[in-house]
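Here are a few notes on backbone geometry for you to read alongside the model.

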Amino acid sequence: MVLGYAAVLLADARHFYTDDTESQYAPLWVMLGRALREGTFPAMVPDQWMSGNYTMEEAGLFNPPQLLIDLIAPSVPNLAVYATIVKLLFSILAGLGVYRVCLVYGARPEWAAVAGVAFPFSGFFLFFDTASWMTSLTGTAYMLHAWASAVRYVRGKGGPIPVFVFLYLAISVQYVFPAVESALMLVAVAVGEIVRHHGWRPVQRLILSALRVTVDGLLSITSRRGTTRVGYDLLRPPWSELLSTAARSWGPVSRLALVATCAGLAGLLTYLPSMLSAKVSWRGTAQINNDQFLTVPWSESLNASLPSAYPAFSSWWGYVQPLPMTYIAWFLIPALAFVDWRRAREHWRDFISIGLFAVMALMWTAGPGTIGPLRWPARVLPMLAVGLLVLVCVLLGRFGTVRDWRGRAVAAGVLILLLWVRTFSADPHRIGWHVLAAVVVAALTAAVVAVGRTRGIAAACLLTIAAMFPIAFFQVRAVQPNLMSWNLPADRQQAMAAFPDFEGRNIQLGDRGLIGPPDKSLDRAYGSLVFGNYAKDLELNYVQGYTPNGHFYFGEMLCMRWDGSTCPDAYRRLFAPEPTTGRTVVDLMLLDRVILQRAMFPDARTQPAPQGWHWVDYPGHDQWISVLERDGGPVSGLNGRVADARDVTATSTAETDATSRVRVTSDDGGRVVFARLGWPGYRVTLNGQDISFTTVANSFVAVDIPAGTRDAELVLTWRPPGWKIGMATGAAGVFGVAVLQWLYVRSRRADTPDSPGESSGESERELAGSVS
């Protein structure tokens, strides 16, 4: 893996520090790490209005390895180096996961190693997950180890704790795809293990029983339409009978289901706050659409072994993609010609889990385009790569052969020709590269077969692995300059030294699309402007940030997008009075400074400053920004987060990110408006008694103070919604896996032979069974 990373870095030194990694994840590590070092758990950072609710972001707040990454980040000056090292470690972890999965299904270690090295350099995983989407990389790595541990647990070769730990880690990365993929993996493992031990009949009974219950439920709906018994009829005794039968007949699979349930209960706290907050976010609609964006036709998987394959489907770059997204491994398809399919067919039950997982991934990649929070099915291409790599390498390890090598060579040539035809069909404009790629794959296949016949399997596998590195180099080199790079400065110290010292609370109005490629450098635009989470690199407090889950109403109010960009009308909206309070939005947010992008507002300095504000010069930065500051100086620290007090005296007594304490007095009743975004989870007490609250402009938290209030303590507190339920289910999950571990240890002791001779005989029988 180190050699492969070196090859990629030779082609592009910033490959592993691009797109979301540089604009979202790495700055987030710095910010979270600084908060943790200060003794603060940063679940809510109210000053960061667009991305401050970190129970909804991909922050991994409850993932211990991620918290360790956060803690280290502020001490590393170069974030590109740090991100590359972190991703290397997780790529090694992912490769070892694939290696373990191959081994539990009986692959030879040599071919398991081939699969393990090949996966992190498969097309989509290399160009998206390891280059950009960090949480997908980490979640996939954990999921793969959960897969191997699940098979070992079902087969009695391992305990429940590894399954629980890896599933929990996959869930708690706070990225929903690995969690759903883990669920599909568990279904595949369960079905495969049932078929392996009992054949298809139990699965048939399950399907027939499910159909019977469904039909009964539909009939009950028809006959009792509008009654409250319909839901009960869908859960009538056939389901309970089926589950009890499964528990008796499929004990190991039932135990796996219990472990998975425990992990789900433990991980519920990760997603429950975002689920309960979705109604005010951009992801508030649970819809299913097929918009064709990043949906991959199944036929594109036929070019999985040609390094030059640029597939055809819709994405940010049009129809024909400029990246080898569907490429998996150069040997994957030609290797099918060197499998003894007659012998493999005799052991077909051993491959049900792998094949089922690959089929589910293949079907998902083709759509629908959006299933609730799950969008862009192409993100599942790494799961298809895992399934096919494991399947092919297990087949090669168990049933690979070079007997009748001439006939098999012809078959491999036909497969390579099919690869070329499909690749040419998708991308006919690069025919020369496709021909060269096909010739290279054919030559490599011939060389590996020759080495395998003369030097053995280990040598053939080493050559197979060695060929991956130059392919990765040329694939990355061919797409330079990097199509997804923001080119944000990687050295934090240099960036902080070059940037203006904007203390207090700031907002920037501008559009990232107005920065041309020549201006994306520290001595030009990035020395004055921030987009995404770049302000966190600089340790500055900006309202905007990178968020896939922004607050819908606040975003609409200032037309602010996921990367912090705004529309030109945001300037007018910011200084327009809010109707119910009469205060401007900039006052309700208690902002100290407004930074305007000159490219969006070229004539702003020629206009009078808004009342109470003045223009300030920042030599060396005036080419890029125009800056407004308050006449009386910063207001953000004057009275906590009290932004407006109408007919009430409100004095802040204490302030933290999660809590505002205010001393209030009102003879006739009034309202206090806080500079806090109205995320679900707030609770308000007045002298210890709960009172209700509301929002102003669907954004600002507001509390109505009763008439006759005298010197009372108003406490506004935010906690992640559902946190008590999440803590309870987490404790239940840990307790449940502890019980399962106790049962596992107890069963192992009961199965321990009494005499050394019996133990030796048992080991010999197990070895003989594995050999056969």
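1. Glutamate 539 sits in the loop that runs between α22 (534–537) and α23 (552–557). Helices here are DSSP runs of H or I with at least four residues, strands are runs of E with at least two, and both are numbered from the N terminus. The phi of glutamate 539 is positive, near 60°, and this residue is not a glycine. Its side of the accessibility picture: glutamate 539 is partly exposed, at 33% relative accessible area. The cut-offs are under 20% for buried, over 50% for exposed and in between for partly exposed, using a 1.4 Å probe and protein chains only.

2. A word on provenance: this is a predicted model, in which local features need pLDDT of at least 70, side-chain atom pairs count only at pLDDT 80 or more, and totals for chains, interfaces and linings use all residues. Residues are numbered from 1 along each chain as its sequence is written, and side-chain values use heavy atoms, with hydrogens and water left out.

3. Is cysteine 559 buried or exposed? Cysteine 559 is buried, with a relative accessible area of 16%. Its place is the loop between α23 and α24 (570–574), and its phi is positive at about 40°, though cysteine 559 is not a glycine.

4. Now for the peptide bonds. Glycine 367 and proline 368 are linked by a cis bond with omega near 5°. Proline 368 belongs to the loop between α15 (352–365) and β4 (370–371).

5. Please look at glutamine 480 and proline 481 too: the peptide bond joining them is cis, with omega about 0°. Proline 481 lies in the loop between α20 (468–477) and α21 (492–498).
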